[in-house]
Amino acid sequence: TGKALRRMLGTVFATEDFVAVNRAGGSDFYVFTTMEPGEDALSRLQRKARQVEESLRGSLEEAFGSRIHKRIGVFVGYSVIHSNPQMRVERLVYRALRQAIAIATTKEEERQSLLRETFQEILRKRRVRTVYQPIFDLNTMELHGHEALTRGPLDTAFESPELLFQFAGDHEATWELEQLCLESSARK
């Protein structure tokens with residue numbers, strides 16, 4: 001992420017803009033950029049934030065998409081620091097960072113809410129799929145049976161069984177999902 005942000009210097013960001021990491025090895029990054037003053041400064045900043053989010057998501061998907069089976073979460077917040085001679089610069093920066101974090105956090109909360117709704121719909125409408133993998137004796141190549149594997153609905157984040165079962169565990173719905181999986185595999 002840091003490398004992708006640095007590559008944006010000179011394109012999305014001005015070369016004199018500043019990229020910072022919240023903590024070593026952390027996943028919070030801050031970019032301090034300059035904006036030409038004007039009535040549309042906030043809307044330009046919002047467009048720039050969307051552009052950064054899309055670019056970062058694309059870079060991360062390209063780098064890790066083949067190894068990570070769920071969508072990589074990228075949440076970008078933004079805020080404008082307005083000069084105020086009555087306040088210390090540190091206080092202005094801190095306030096702006098909190099506003100930007102609140103915007104990014106709200107986006108993550110919206111995503112989590114959508115995931116909860118989708119997961120509940122999967123359980124309610126019984127939308128799991130069972131696929132079967134043959135089990136062979138490698139010495140004789142004799143077929144011994146099949147292993148039933150569960151998948152969520154196509155074109156959802158829950159198509160990945162890792163996310164499906166992790167989400168069920170995190171939301172105390174493991175037994176409900178397990179029952180659904182058993183029913184699905186018995187129907188085939």
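Does R98 count as buried, exposed or partly exposed, and at what relative accessibility? R98 counts as partly exposed because its relative accessibility is 40%, where buried means under 20% relative accessible area, exposed over 50% and partly exposed in between (1.4 Å probe, protein chains only). The model here is a predicted one, in which local features need pLDDT of at least 70, side-chain atom pairs count only at pLDDT 80 or more, and totals for chains, interfaces and linings use all residues. Residues are numbered from 1 along each chain as its sequence is written, and side-chain values use heavy atoms, with hydrogens and water left out.

R98 sits in helix α3; helices are DSSP runs (H or I, at least four residues), as are strands (E, at least two), numbered from the N terminus. From R98 to A20 the C-alpha to C-alpha separation is 15 Å, and the two are 78 residues apart in sequence.

Next comes helix α4, which spans residues 161-170 and has P161, L163, L164, F167 and A168 as its buried residues. These pack against α3 (89-125), β4 and α5 (174-187). The axes of α3 and α4 are 11 Å apart, at an angle of about 95 degrees, with axes taken as lines fitted to C-alpha atoms, for helices over the stretch in contact, and angles running from 0 to 180 degrees between N-to-C directions. That makes α3 roughly perpendicular to α4; under 35 degrees counts as roughly parallel, over 145 as roughly antiparallel, 65 to 115 as roughly perpendicular and the rest as oblique. On the α3 side, Q112, L115, R116 and F119 meet L164, F167 and A168 of α4, a contact being heavy atoms within 4.5 Å.

With α5, α4 packs at an angle of about 140 degrees, and the axes are 7 Å apart. So α4 is oblique to α5. Here L164, F165, A168 and G169 of α4 meet T174, L177, E178 and C181 of α5. After α4 comes E172, with a positive phi near 50 degrees.

Leaving aside residues up to four places away in sequence, E53 touches V74, V76 and K107.

Finally, there is L138, found in the loop between β3 (129-137) and β4 (142-151). Its relative accessibility is 71%, so L138 counts as exposed.
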